[in-house]
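This briefing walks through a few local features of one structure, grouped by topic. Please keep the sequence and the model side by side while reading.

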Amino acid sequence: MQQRVMIAMALASEPKLLVADEPTTALDVTIQAQIIDLLRALKSRFAMSILLITHNLGIVGRYCRSGGCDVCGTNCRIGAGVGNCSAGPLHPYTQP
């Protein structure tokens with residue numbers, strides 16, 4: 001419920017960019033899916049972009065149009081979804 005309240009507060013000013021820093025942390029898989037679906041619906045409704053910061057590459061691969069991997073302040077990869085990170089990973093963080 002706290003994630004939903006924070007999302008509502010962030011959207012109060014109708015931003016063009018929503019920065020969602022770990023919005024699904026410490027949630028079970030069902031609630032994670034609900035939060036991501038809520039963000040997707042709000043993205044369409046408010047015609048905004050979402051910068052999703054997460055450690056969950058499964059969420060990136062399923063829901064994000066493009067993604068990047070940042071390790072110790074250095075961006076290692078940027079590309080289309082998680083497929084770019086997992087296909088020929090360049091950094092140990094992106095290796096399976």
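Which residues does Leu42 touch, not counting residues up to four places away in sequence? The model is a predicted one, and in it Leu42 touches Ile7, Leu11, Ala47 and Met48 once residues up to four places away in sequence are set aside.

**Nonpolar core**
- Leu42 is one of nine residues in the largest nonpolar core, where the others are Ile7, Leu11, Leu18, Ile35, Ile36, Leu39, Met48 and Ile59.
- Two elements, α1 (2–11) and α2, each give two or more residues to this core, and the largest share, four residues, comes from α2.

**Thr24 and its surroundings**
- Thr24 is found in the loop that runs between β1 (17–21) and α2 (29–46).
- Because its relative accessible area is 4%, under the 20% cut-off, Thr24 counts as buried.
- When neighbours within four places in sequence are left aside, Thr24 is in contact with Gln32, Ile35, Ile36 and Ile59; among these, Ile35, Ile36 and Ile59 belong to the largest nonpolar core.

**Nonpolar surface patch**
- Met1, Val5, Met6 and Met9 make a nonpolar surface patch of about 470 Å².

Technical notes:
Residues numbered from 1 in each chain as written. Predicted model: local features only at pLDDT ≥ 70, side-chain atom pairs only at ≥ 80, totals over all residues. Heavy atoms only, no water. Buried < 20%, exposed > 50% of the residue type's maximum accessible area, 1.4 Å probe, protein only. Contact = heavy atoms within 4.5 Å. Core = buried A, V, L, I, M, F, W, Y, C linked by side-chain atoms within 4.5 Å. Patch = residues over 30% accessible without salt bridge, like charges linked within 9 Å, V, L, I, M, F, W, Y side chains within 5 Å. Areas by Shrake-Rupley, 256 points an atom, 1.4 Å probe, with all protein chains shown as cover. Salt bridge = Lys/Arg side-chain N within 4 Å of Asp/Glu carboxyl O.
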